[in-house]
Structures are given as C-alpha cells and as structure tokens.
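This report walks through a protein model for a reader who is new to structures. Please keep the sequence and the 3D view open while reading.

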Protein chains: 2
Amino acid sequence: MKLLEERILKDGVLKDGGILKVDSFLNHQMDIGLLQEIGKEFRRLFPENITRILTIEASGIGIATIAAQYFDNIPVVFAKKSMSKNLDGDLLTSKVISYTKGLEFDIFVEKKFLSPDDNILIIDDFLANGQALNGLIDLVNGSGANLIGCGIVIEKGFQDGGQIIRDKGVHLESLAIVEDPKDGKLCFRKQ
Amino acid sequence: MKLLEERILKDGVLKDGGILKVDSFLNHQMDIGLLQEIGKEFRRLFPENITRILTIEASGIGIATIAAQYFDNIPVVFAKKSMSKNLDGDLLTSKVISYTKGLEFDIFVEKKFLSPDDNILIIDDFLANGQALNGLIDLVNGSGANLIGCGIVIEKGFQDGGQIIRDKGVHLESLAIVEDPKDGKLCFRKQ
C-alpha cells in the first residue's frame, strides 16, 4: 500500500535491534485518515462475507474499529491480555510471548463472541515473529469459527512470523512488508 | 443519550458488587454503529475547536478513534499502561489504581504527542471512582495543553468519580449515568 509505505518512510523511526517506531501515526498516536485508507484496503483484499473482526488490545483496536466501517459495520471483538473481574464467562485462551515487553502472557476472549457460524477476519498492527497472530488464530480455531484471513498493517519481512503463518495455509495480507534494514535504511518487499 | 440507555437496558448485565457488564457492545465486543452515534453525540456536546483526543488503552481506543471522525479526523493519542521498548522518548506519567484489576499502575504518554498549543478532549468508556480519568487529566496538565473537557460513555453515578472531576471545574459529559442499582434494577440519572 503505497500511501502507507510513504508514511513509514516519512515518519517511521528505525531503532537498534530492528525496532521500527511508527508511534506518531499508528500505535500511540493514530492518524484517523490513514486508518480509513487502511480499512478500505483491507476490504479490497478481503471481499468475502465476513461476519466479525477479531483483534487484540491495544494497538489493534483503533485499526480494527475503523476498518469495520468498510465491512458493513460488523462487530469487532478484541482479545484481552489480562484477567479482570469483568471476564467471567466461558473463555477461549492462548499463550503469547511478547519480545518487545519481554514476557509471556495469556490472551482471552469470551467464547460467546466467536461462534461456529462466524467468518472471521483477524486484524493487527504488526507482524514480526507471529506470536500474537498465532494466538489469535488459536482462539478462532478453538471457537470453531471459519478463519477467512489475517490483515496486518506492517509486517517485518526479516522475522519469520509471516512465513510461519503463510505456511499454515492462512490467507495473510500485510499492507507493507519491511525488509531487513541493513545500513539503517528502510525498504519494502514488492507485492 | 437515549439510544445508549436503551442498549444498556437491553444488553447490559448487572453483576455483584455494582459491576455493569457491557462487553457485548462496548468493551470486549464493539458495536460499530453504536460507536458512531456515540461519536456524533460527543461532537454535539463539545463543539469547541479540539485538536487532539486523548484516551487510555484498551477499551477507550475504539470509542475515541470512531469519535475522532466527527472531529475532522483529528489525531487520537492513547495513554499506555505498561512500559515497552517502544516507549523511549520524554514521557508524561501518572499513577492509577484499578479496582476491577486490583492493582496500582503507571500510565504513560510520550510528551511530543501533547503540546501546549493543543485543545484536548479526553474520551473513555467508563467513569466510576475517577482514577483513570484523573490520571489522564494529570497527563494533560503536565503537558501544558488546554483541557476542553471529558466525554465518558457510561458513568456510575453511585461512585464518586463524577463528583470529584466536576468539582475540579472540568467540563464532564457522560452519555449515560447509571444510578445505584438497588434491587438489582438499572436506572439512569435524568440529564
């Protein structure tokens, strides 16, 4: 997605250890106009009859809610990363390791929000090692719902998450795939 | 907001300890059409020249991003509840106690996203004891930005957060104010 790649080049900041900061427009401050274009692009890439969008707190939520508007306002469900008194129904759970936070945690979704009749699109901001996305796919599989595909805003093409997910036969679309930033320069995989 | 009150009566679930579950349409699964109406109502209540919306992860994000569309697509910034490698700039911080999660935690926002030139609207899903909202107001005050007001979807009128915030002279608007659910019955404060 050209608009997104241009924005990453303009406002993305490359840090040590392959960390790409896009916090000025995607995952701390959010550019709503850009999220709308991202939402339209996900609709173009997933024209199927989708009944629910699944994402994960926190950064995925803004992207998924804006995108849902281009899918006839279907409901958005977000997986939670910590228990609270508000989670008391039957839960679907999966384990995720976060490398940026340096810890392992469980993710949860109440079972009633993913039904076997559902056609699910998973949306998230980043795909690197695929931990979070694998966890979300686990939740969908556990619910018996039909996984239509996964829409990712930025994939790190130099980490193995994308390959692992595609090798499972999952329809994965990443709007920008960042290649290994050798010499500290950003470039994108041609799609 | 009548549509919201009707929805709370229809799909809200009252639990022991005054906990109101609205997870089927607001803070686990999100009804996008309802969020759009909520966004329009916030715009009606805050017609001022607002330059940024501030919210807090996780449930506030979907509400704030949809609402921002009715404020000329101004940027949405969300305060974070945990440190990560991605937070490395100058930070504004405040302390918050969560009663539903039973712990105290810091909230953060990168200083560069709230400037003294900004007119800020704070948006969040719930107001009970006012801890999260007080933390967000702290962040705005720490940045030197101008706080226009706070838009809350559901206020628990029988907890003291609303009173505390209003006593500070903050323009606080809650779209539904739930009164003390005696006999397990929900009713709303007339506004």
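Which residues does B:Glu41 touch, not counting residues up to four places away in sequence? B:Glu41 touches B:Met1 and B:Leu175, where contact means heavy atoms within 4.5 Å. B:Glu41 is found in helix 2 of chain B and is buried, with a relative accessible area of 18%. Buried means under 20% relative accessible area, exposed means over 50%, and partly exposed is in between (1.4 Å probe, protein chains only).

**How to read the values**

This is a predicted model, in which local features need pLDDT of at least 70 and side-chain atom pairs count only at pLDDT 80 or more, while totals for chains, interfaces and linings use all residues. Residues are numbered from 1 along each chain as its sequence is written, chains are lettered from A and ligands numbered from 1 in the order in which they are written, and side-chain values use heavy atoms, with hydrogens and water left out. Helices (H or I, at least four residues) and strands (E, at least two) are DSSP runs, numbered from the N terminus.

**Chain A as a whole**

Chain A has five helices and 10 strands. Its radius of gyration is 16 Å, close to the 16 Å that the globule rule gives for 191 residues, so chain A is as compact as a globular protein of that length. The radius is taken over C-alpha atoms, and the globule rule is 2.2 Å times the number of residues to the power 0.38. Taken along the principal axes, the C-alpha atoms of chain A fill a box of roughly 50 × 35 × 30 Å.

Of the 191 residues in chain A, 58% are buried. Among contacts in this chain between residues at least 6 apart in sequence, 60% join residues at least 24 apart. Chain A exposes about 7800 Å², and carbon and sulfur atoms supply 46% of that area. Accessible areas come from the Shrake-Rupley method with a 1.4 Å probe; for residues, only the protein chains shown count as cover.

**The two chains together**

A rotation of 180° with 0.0 Å of shift along its axis superposes chain B on chain A, with an RMSD of 0.0 Å. That is the relation of a two-fold axis. Copies are superposed by least squares on the C-alpha atoms of residues with pLDDT of at least 70 in both. Of the interface residues of chain B, 100% are also interface residues in chain A, so the copies meet through the same surface.

Helix 1 of chain B covers residues 2-11, and B:Leu4, B:Glu5, B:Arg7 and B:Ile8 in it are buried. Why do they lie on the same side of helix 1 of chain B? They cover an arc of only 160° around the axis, which puts them on the same side. The arc is that of the directions from the helix axis to the C-beta atoms. An α-helix has 3.6 residues a turn, so residues three or four places apart point the same way. On the other side of helix 1 of chain B, B:Lys2 and B:Lys10 are exposed.

The buried residues of this helix pack against strand 2 (20-21), helix 2 (32-45), strand 9 (146-156) and strand 10 (172-178) of chain B. B:Lys21 lies in strand 2 of chain B and is buried, with a relative accessible area of 5%. The side chain of B:Lys21 makes a polar contact with the side chain of B:Asp23 (3.3 Å). A polar contact is a pair of N or O atoms within 3.5 Å; within protein, one must be able to donate a hydrogen and the other to accept it, and residues adjacent in sequence count only if both atoms are side-chain atoms.

B:Phe25 lies in the loop between strand 2 and strand 3 (29-30) of chain B. B:Phe25 is buried, with a relative accessible area of 0%. Leaving out residues up to four places away in sequence, B:Phe25 touches several residues, including B:Leu4, B:Arg7, B:Ile8 and B:Leu34. B:Phe25 and B:Arg7 are 18 residues apart in sequence and 8.5 Å apart in space, C-alpha to C-alpha.

**Backbone details**

| Residue | Phi | Relative accessibility |
|---|---|---|
| A:Asp72 | about 55° | 70%, exposed |
| A:Asn73 | about 55° | 26%, partly exposed |

A:Asp72 lies in the loop between helix 3 and strand 5 (76-79) of chain A, and A:Asn73 is placed in the loop between helix 3 and strand 5 of chain A.

A cis peptide bond joins A:Glu57 and A:Ala58, with omega about 0°. A:Ala58 lies in the loop between strand 4 (52-56) and helix 3 (59-68) of chain A. In chain B, a cis peptide bond joins B:Glu57 and B:Ala58, with omega about 0°.
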